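Biologist: I'm new to this one. Can you put it on screen and walk me through the ring contacts?

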Amino acid sequence: MWWFQQGLSVLPAALVVWSAASFVFSYITAIVLHHVDPLVPYISDTGTIPPERCLFGIMLNISTFLGVATMYVRYKQVYALNPEKAKILKLNKIGLTLGLTSCFGLCIIANFQKCILYYIHVVGACLTFGVGAVYMLVQTVLSYLMQPELHSKDIFWVRLSVFLWCCSSIVSMFVSSVVLYSGLYGMNLVQKLHWDPQDKGYTAHIVSTVSEWSLAFSFLSFFLTYIRDFQKISLRAVASLHGRTLYNSPQSFTTEEQTLLVAGSI
């Protein structure tokens with residue numbers, strides 16, 4: 001049996017590979033069509049102009065679905081391992097809420113392009129990376145609380161390292177972006193897709209774009225640490241019909257419900 005056939009390990013692996021592919025394919029398309037500069041453009045800039053905008057949007061929407069599925073499975077796994085520890089259960093619920101919020105932000109990024117609806121795009125980025133960073137922190141704390149019986153120390157240290165990588169990328173991107181868009185280097189830089197090394201603010205632009213790529217891949221690297229955990233879990237759906245047929249009349253349905261209530265009371 002291959003490693004990705006064990007449990008649900010294929011889920012985080014698919015999330016990482018598909019999301020990375022969405023960045024790379026959009027970048028290659030934008031470069032081939034000369035829509036952006038080859039040297040480290042913003043990820044969002046590679047998904048601004050058609051046709052790469054269409055590719056970027058649909059692939060990130062699929063990434064959103066994979067992210068929701070991955071975070072839900074993680075939630076169920078932690079819940080199954082610690083059914084009686086109130087602190088861990090509370091953190092687990094908080095983590096799921098943060099994760100779903102981060103996925104919603106990714107959906108906003110996919111469908112509201114930077115050069116068209118900038119402020120909505122920024123809100124999506126804040127939800128994705130800001131809330132997502134808090135999600136990573138919660139999962140790192142859970143990894144600490146669940147050791148050594150359920151988690152090895154290696155997993156905790158790896159997740160902590162990736163979280164610190166994420167935080168440093170956020171700080172670097174925030175500072176460089178504030179400097180770049182402060183007005184010192186001109187106006188309407190949001191719409192600018194081509195940069196020359198002689199342009200004012202070029203250094204701040206490069207620092208900002210490198211930080212964004214670093215931030216994106218720190219997120220993907222965090223989900224790689226789920227693969228080993230997901231090899232040890234599987235979920236299944238159970239169908240439960242509320243009647244013998246799918247076309248019960250209101251009267252027969254009421255009778256059956258009353259029967260169930262009587263049986264339940266006994």
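Modeller: One term to begin with: buried means under 20% relative accessible area, exposed over 50%, and partly exposed in between (1.4 Å probe, protein chains only). This is a predicted model, where local features need pLDDT of at least 70, side-chain atom pairs count only at pLDDT 80 or more, and totals for chains, interfaces and linings use all residues. Residues are numbered from 1 along each chain as its sequence is written, and side-chain values use heavy atoms, leaving out hydrogens and water.

Biologist: How many aromatic pairs does the whole structure have?

Modeller: A search finds 15. Rings of Phe, Tyr and Trp (its six-membered ring) pair if their centres lie within 6.5 Å; planes under 30 degrees apart count as stacked, over 60 as edge-to-face and the rest as tilted.

Biologist: Why does the pair Tyr75 and Tyr79 count as stacked?

Modeller: Because their planes are at 25°, with the ring centres 6.4 Å apart.

Biologist: Is Tyr79 buried, exposed or partly exposed?

Modeller: Tyr79 is partly exposed, at 40% relative accessible area. Tyr75 is buried, at 16%.

Biologist: What about Tyr135 and Phe223?

Modeller: Also a stacked pair, 6.4 Å centre to centre with 25° between the planes. Tyr135 is in helix H4 (residues 118-145) and Phe223 in helix H6 (residues 202-224), so the pair ties together parts 88 residues apart in sequence. Helices here are DSSP runs (H or I, at least four residues), numbered from the N terminus.

Biologist: Which cluster includes Tyr135?

Modeller: Ring pairs link Tyr135 with Phe222, Phe223, Tyr226 and Phe230.

Notes. Helices (H or I, at least four residues) and strands (E, at least two) are DSSP runs, numbered from the N terminus.
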